[in-house]
Amino acid sequence: MLKTKAKSRLPEDFHDLVDPEQATVDRSIFSDEEIYKLELERIFARGWNFMCHESQIPKPGDFFLSFIGDDSVIATRDKTGKLQVFLNTCRHRGNAVCRAEQGHTKSFLCTYHGWTYGLDGKLIGVPGYKDFYHEDLDRSQWGLVAAPHVESYKGFVFACMDPDAPNLNEFLGPVGRIGLDLIAERGRIVPIDGIKKNIIGCNWKLAVDNAFDYYHAPLTHASTIMVRNPRVDKEGNALPPRANSSANDHRVMLGSYGHAISGPKVSETERSLAALLPDHKIEPRVDLAWRDKPETLEAMGPAGIEINSHPNIFPNMWVTESSQVALRIPRGPRSTEVWWFSFVDADLSDERQKAYVEHSNFLHGPSGMNEQEDGENWDQSTRGTASILAKNFPLNYAMNRDRGEVKFDNAGVAYIDTHVNEHAQLWMYMCWADWMTAPDWSSLKQRHESPPTDRF
Ligand code: FES
Ligand SMILES: [Fe+2]
């Protein structure tokens, strides 16, 4: 059982830092070193973490380096084809046993003294085993540390280091599953080669928070919007971007353990554009055809099928409406490494696939306009949360608080239809406090926020 103990300087109950009534969040959670360290233990080391897509490691011996919190891990397939995840650290002196980001191998050889591990993690080679160790080393006890749980959901591979965790399906619940369906149900999904990676000087939660944030887009992304969807008057002069929401055009879903979805539904404009435009002119965001299959409706349900925006699989996996996945990997309280996976349906025409790649390059990653605009704000926000003078003034998450009316679709999935709001952000922090307060999985299972059934 993975048990953790809160340090004395930290609150016994992290709900003290998140106030659902006032809709405020204490600044310290975004920059405090000790809180950050406890997050690595209580959230990342205990939760399910996205590794890679199965198609990135299709054959035995294929591997992909990923992270669980701040720990490097190797996702691979052993000789039987079984998915395995190991900590990327040699049991001798701790050196990394794999340096390449992705590839194919027969074994993992540590470059320090040469201990060698099989694809199943077993220690299979020790230089000097006879002469220096006198065959006294019990090699069966010194294999790579393996994740006790590795599972995939429709091709998306997750690993969990806590033996007491619920299985992936239970962890995801309906909101996590719908979030992943937004990409997994698009067809024969494969990743485009190359993961875009960059480091932003922000706390990882502020980046996650922003995935639900449609309040910022008209201002922060004014230049992107002008380039991409310019508004012009009759004479062709540029107009400022319009505020992007009206009553009930946004849908929110709040799930157990912090999963959430928030943002616009498929709009009438998108429906009519999709119907009018020739196939090759349709932007990935307006690509609606994949939703028409009966199996997709079956998987996502009537409320899920209309979502055209942003799920976050707690803690740090964001699925975009244009079939990309971002991981916000913690790199210290004030640093986040952002990874961008871009996926396409392999059965789309070359031209359509190219449109997806172009769209992903334009918006996200180090060269994308969105991320450059967002990154500046997250960096400054993180600095603002570390302020000695401002630390007693909490952040405000009050938008639409207590005005979101919960409804249920005929599959029993709860949702809120409203305009731009901050429900998912506040909900995420309430669940964050559950994770941070519970010493182990059994108490987290017993005492975590139940998704609202009335109002939020
Ligand atoms: S650190 Fe790996 S063999 Fe010594
Ligand atoms: Fe943004």
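**Local geometry and overall form of the predicted model**

Proline 315 sits in the loop between β19 (310-313) and β20 (317-319). The peptide bond that joins phenylalanine 314 to proline 315 is cis, with omega of about 5°. Helices (H or I, at least four residues) and strands (E, at least two) are DSSP runs numbered from the N terminus. The model is a predicted one, in which local features need pLDDT of at least 70 and side-chain atom pairs count only at pLDDT 80 or more, whereas totals for chains, interfaces and linings use all residues. Residues are numbered from 1 along each chain as its sequence is written, chains are lettered from A and ligands numbered from 1 in the order in which they are written, and side-chain values use heavy atoms, with hydrogens and water left out.

The secondary structure of the protein amounts to eleven helices and 25 strands. Its radius of gyration is 23 Å, close to the 23 Å given by the globule rule for 456 residues, so the protein is as compact as a globular protein of that length. The radius is taken over C-alpha atoms, and the rule is 2.2 Å times the number of residues to the power 0.38. The C-alpha trace spans about 85 × 55 × 45 Å along its principal axes.

Of the 456 residues, 55% count as buried; buried means under 20% relative accessible area, exposed over 50%, and partly exposed in between (1.4 Å probe, protein chains only). The protein exposes about 20300 Å², of which carbon and sulfur atoms supply 51%. Accessible areas come from the Shrake-Rupley method with a 1.4 Å probe, and for residues only the protein chains shown count as cover. Contact is defined as heavy atoms within 4.5 Å. Among contacts between residues at least 6 apart in sequence, 66% join residues at least 24 apart.

Side chains with charge number 50 positive and 64 negative, and the centres of the two sets lie 3 Å apart. Lys and Arg count as positive and Asp and Glu as negative, while His and the chain ends are not counted. Each charge is placed at NZ of Lys, CZ of Arg, CG of Asp or CD of Glu.

The domain assignment gives domain 1 (49-153) and domain 2 (174-446), with bounds that come from an automatic or database domain assignment. The centres of domain 1 and domain 2, taken over C-alpha atoms, are separated by 34 Å. Contact between the two involves 14 residues of domain 1 and 17 residues of domain 2.

Most residues other than glycine have a negative phi, and most peptide bonds are trans. Asparagine 248, which is not a glycine, has a positive phi of about 65°. This asparagine 248 lies in the loop between β16 (238-239) and β17 (250-254) and is partly exposed at 43% relative accessibility. Serine 323 also has a positive phi, of about 60°, although it is not a glycine.

Serine 323 belongs to the loop between β20 and β21 and is buried, with a relative accessible area of 1%. Threonine 320 is found in the loop between β20 and β21, and its relative accessible area of 1% makes it buried. Apart from neighbours within four places in sequence, threonine 320 contacts Leu182, His310, Trp340 and His364.

Serine 335 is placed in the loop between β21 (324-330) and β22 (336-345). With a relative accessible area of 17%, serine 335 is buried. Residues up to four places away in sequence not being counted, serine 335 touches Ile199, Ile200, Gly201, Cys202, Ile329 and Pro330. Serine 335 and serine 272, 63 residues apart in sequence, are 42 Å apart in space, C-alpha to C-alpha.

Glycine 103 lies in strand β7 and is partly exposed at 29% relative accessibility. Its C-alpha atom is separated by 6.7 Å from that of phenylalanine 64, 39 residues apart along the chain. Glycine 103 touches Gly61, Asp62 and Phe63, residues up to four places away in sequence being left out. Lysine 106, in the loop between β7 (102-104) and β8 (108-109), is exposed at 76% relative accessibility. Glutamate 170 is part of helix α2 (residues 168-184) and is partly exposed, with a relative accessible area of 46%.
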